[in-house]
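User: I have a model open on my screen and would like to go through it with you. Could we start with the overall picture and then turn to particular residues?

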Amino acid sequence: MFDKLLGVEERFIEVEKHLSDPKIVNDRDAYQTYVREHAELNKVVTVYRQYKQILHDLDESQDLLKDADPEIKDLARDEIATLNREKEDLESELKKLLLPKDPNDDKNVIVEIRAGTGGEEAALFAGDLYRMYSRYAESHSWKIDVITHHATGVGGLKEVIAMIQGKGAYSVLKYESGTHRVQRVPTTEAQGRIHTSAVTVAVLPEADEVDVEIDSSELKIDVYRSTGPGGQSVNTTDSAVRITHLPSGLVVTCQDEKSQLKNKLKAMKVLRARLLDQMILEQNEKRSEERKSQVGTGDRSGRIRTYNYPQGRVTDHRIGLTLYKLEHILQGNIDELIDSLATYYQTQALQNVDQV
């Protein structure tokens with residue numbers, strides 16, 4: 001670890017030199033690249049320098065133990081105990097900072113929510129989950145843009161796909177992918193029986209053109225008239241777009257905009273995100289089971305969370321966390337869940353690093 005830290009500090013000094021180079025300063029793209037790298041390295045170097053100072057102070061305190069004055073020896077022992085605690089804390093922090101970073105963590109996300117088993121009740125809960133994520137995004141001043149949605153007659157959602165734009169959105173929301181189960185009494189249930197329904201959530205990092213190259217000859221693009229409720233001209237022109245990626249068989253549709261061009265651009269965003277996600281999953285499958293747990297991936301079709309209305313609880317099955325705050329959570333207050341998941345997967349990664 002210390003060899004790596006030394007290399008990080010050397011690179012940090014090198015980047016600082018680049019940032020003071022007039023040639024780099026005048027090259028806007030190069031300068032911004034170095035600024036971003038400097039900011040990332042600075043987090044590690046700041047803690048590493050604090051750590052080195054602690055080691056220096058420890059050496060000095062150890063020397064004081066040789067002093068003839070008993071009072072100075074006692075002070076030195078107290079100082080050593082304090083410094084050792086700080087040293088352990090800084091070592092733990094440095095391990096976290098040196099963990100491999102997911103290259104997609106800073107990206108915007110595309111969130112896909114679909115009603116699964118449970119019919120209309122599942123569609124209603126899909127709408128609840130979309131509102132939950134929307135409120136969470138709004139509380140972080142992130143922008144939400146609906147790409148496509150299919151509503152049901154009683155206020156539910158068969159499907160909704162939305163872009164959430166905000167720095168670090170993927171790092172925060174990536175563990176939300178999977179099957180979300182709801183247990184509650186539907187309004188149409190005369191006997192008061194609890195029904196179980198399911199909704200699937202997929203969180204995909206937004207893909208740039210450099211991330212995923214798509215050959216236009218591999219696309220089949222169809223246009224058609226939008227269906228469902230819409231404004232003036234949404235349902236009266238061939239503005240809806242269906243894009244089929246022939247090599248993978250992926251199909252994306254978008255009909256929410258009046259403009260065919262806007263629908264096509266939105267559909268392409270979703271297609272790129274799905275292709276990037278497919279690439280990530282294929283890469284993860286090639287890794288060992290140890291590596292999979294380190295990056296926190298797994299079977300997305302698996303049940304990850306249950307929302308139980310009669311008991312007012314939410315249980316995340318991956319980490320065994322149960323919170324009796326169902327209404328609070330559905331209002332978009334999901335920080336406790338997200339923080340607990342991040343801590344869990346970070347701990348898993350640290351354990352894997354220690355075993356290497």
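Analyst: The answers below go from the whole chain to single residues.

User: What kind of model is this, and how are residues numbered?

Analyst: This is a predicted model, in which local features need pLDDT of at least 70 and side-chain atom pairs count only at pLDDT 80 or more, while totals for chains, interfaces and linings use all residues. Residues are numbered from 1 along each chain as its sequence is written, and side-chain values use heavy atoms, with hydrogens and water left out.

User: How many helices and strands are there?

Analyst: The protein chain has 10 helices and 11 strands. Both are DSSP runs numbered from the N terminus: helices are H or I with at least four residues, and strands are E with at least two.

User: And how much of the chain is buried?

Analyst: Of the 356 residues in the protein chain, 40% are buried. Buried means under 20% relative accessible area, exposed means over 50%, and partly exposed lies in between, with a 1.4 Å probe and protein chains only. The protein chain exposes about 19700 Å², and carbon and sulfur atoms supply 49% of that area. Accessible areas come from the Shrake-Rupley method with a 1.4 Å probe; for residues, only the protein chains shown count as cover.

User: What share of the contacts joins residues 24 or more positions apart?

Analyst: Such pairs account for 60% of the contacts with a separation of 6 or more in the protein chain. Contact means heavy atoms within 4.5 Å.

User: Let us turn to salt bridges. How many are there?

Analyst: The count comes to 25 salt bridges, each defined as a side-chain nitrogen of Lys or Arg within 4 Å of a carboxyl oxygen of Asp or Glu.

User: Which residues are linked with R114 in a network?

Analyst: E112, R114, E159 and R274 are linked in a network of salt bridges. The side chains of E112 and R114 meet at 2.9 Å, N to O. R114 also forms a salt bridge with E159, where the closest N and O atoms are 2.8 Å apart.

User: Which residue pairs with E91?

Analyst: E91 forms a salt bridge with K87, at 3.2 Å from N to O. Both residues lie in helix α4, 4 residues apart, or about one turn of the helix. E91 is partly exposed at 21% relative accessibility, and K87 is partly exposed with a relative accessible area of 21%.

User: Where do E79 and D89 sit?

Analyst: E79 is in helix α4 (residues 70–97), and D89 lies in helix α4. E79 is partly exposed because its relative accessibility is 38%, while D89 is exposed at 56%. D89 and Y51 are 38 residues apart in sequence, with their C-alpha atoms 9.4 Å apart.

User: Changing topic: what does E9 touch?

Analyst: Not counting residues up to four places away in sequence, E9 touches V45, Y48, R49 and K52. E9 is in helix α1 (residues 2–19) and is buried, with a relative accessible area of 9%. The C-alpha atoms of E9 and R49 are separated by 8.9 Å, although the two are 40 residues apart along the chain.

User: And N263, is it buried or exposed?

Analyst: N263 is buried because its relative accessibility is 0%. N263 lies in helix α7 (residues 260–286). Leaving aside neighbours within four places in sequence, its contacts include S239, A240, C254 and D256.

User: Last one: what is the phi of S141?

Analyst: Phi of S141 is near 60°, a positive value in a residue other than glycine. Most residues other than glycine have a negative phi. S141 is in the loop between α5 (119–139) and β2 (143–151), and S141 is exposed at 68% relative accessibility.
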